[in-house]
Amino acid sequence: MMWEALAFAALGLAAAYAAVRLLAARLPAPALVLATGPVAALIGGFLARAILGAGHVLLTLMVAAAVAVALLSLLVRPADRRGPRSSSPRPA
């Protein structure tokens, strides 16, 4: 169980680190992202382990990684679209 928890946290940290490296301009503070990844993976991994049982280690790790990526994707802001903008207000 302890090794699985470390694996969950490592997967979450790896996903968060990849997100910070690839999407730095579209994410909030890196500390928030690097903390969200492992916590999300731990929650997803423990939830999957509780549902599936102890015999499904690979599937549990995949669920933990998926939950981490899903929660990290919620932190991504839309891309800054730079284009011509009208100075007149939009009609209501």
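Is Ile51 buried or exposed? Select Ile51 to begin: this residue is exposed, with a relative accessible area of 66%. Here buried means under 20% relative accessible area, exposed over 50%, and partly exposed in between, with a 1.4 Å probe and protein chains only.

The model is predicted, so local features need pLDDT of at least 70 and side-chain atom pairs count only at pLDDT 80 or more, while totals for chains, interfaces and linings use all residues. Residues are numbered from 1 along each chain as its sequence is written, and side-chain values use heavy atoms, leaving out hydrogens and water.

**Whole chain**

Colour the protein chain by secondary structure. There are 3 helices and 0 strands, in the order α-α-α along the sequence. Helices are DSSP runs of H or I with at least four residues, strands are runs of E with at least two, and both are numbered from the N terminus. Of the 92 residues, 24% are buried. Among contacts with a separation of 6 or more, 69% are between residues 24 or more positions apart; a contact means heavy atoms within 4.5 Å.

Switch to a surface view. The protein chain exposes about 6,500 Å², and carbon and sulfur atoms supply 71% of that area. Accessible areas come from the Shrake-Rupley method with a 1.4 Å probe, and for residues only the protein chains shown count as cover.

Return to Ile51, which sits in helix α2. The elements that give two or more residues to the patch are α2 (30-52) and α3 (57-73).

**Salt bridge**

Next select Glu4 and Arg49. They form a salt bridge, with the closest N and O atoms 2.6 Å apart. The pair links distant parts of the chain: Glu4 lies in helix α1 (residues 2-22) and Arg49 in helix α2, 45 residues apart. The term requires a side-chain nitrogen of Lys or Arg within 4 Å of a carboxyl oxygen of Asp or Glu, and by this rule the count comes to 1 salt bridge. Glu4 is buried at 13% relative accessibility, and Arg49 is partly exposed at 23%. Show the surroundings of Glu4: leaving aside neighbours within four places in sequence, Glu4 is in contact with Arg49, Ala54 and Val57.

**Cores**

Now select Ala15, Ala16, Ala19, Val20, Leu27, Val33 and Leu72, the 7 residues of the largest nonpolar core. Helix α1 gives the most to this core, with 4 residues. Apart from it lies another core of 5 residues, among them Phe8, Ala41, Ala64 and Ala68. A nonpolar core is a set of buried Ala, Val, Leu, Ile, Met, Phe, Trp, Tyr and Cys residues joined through side-chain atoms within 4.5 Å.

Centre on Ala16. Not counting residues up to four places away in sequence, Ala16 touches Val33, Leu34, Gly37 and Leu72.

**Thr36**

Finish at Thr36, in helix α2. A polar atom of the Thr36 side chain lies 2.7 Å from the backbone oxygen of Leu32. Beyond residues up to four places away in sequence, Thr36 touches Leu72 and Leu75.

Methods: Polar contact = N/O pair within 3.5 Å; in protein donor to acceptor, adjacent residues only side chain to side chain.
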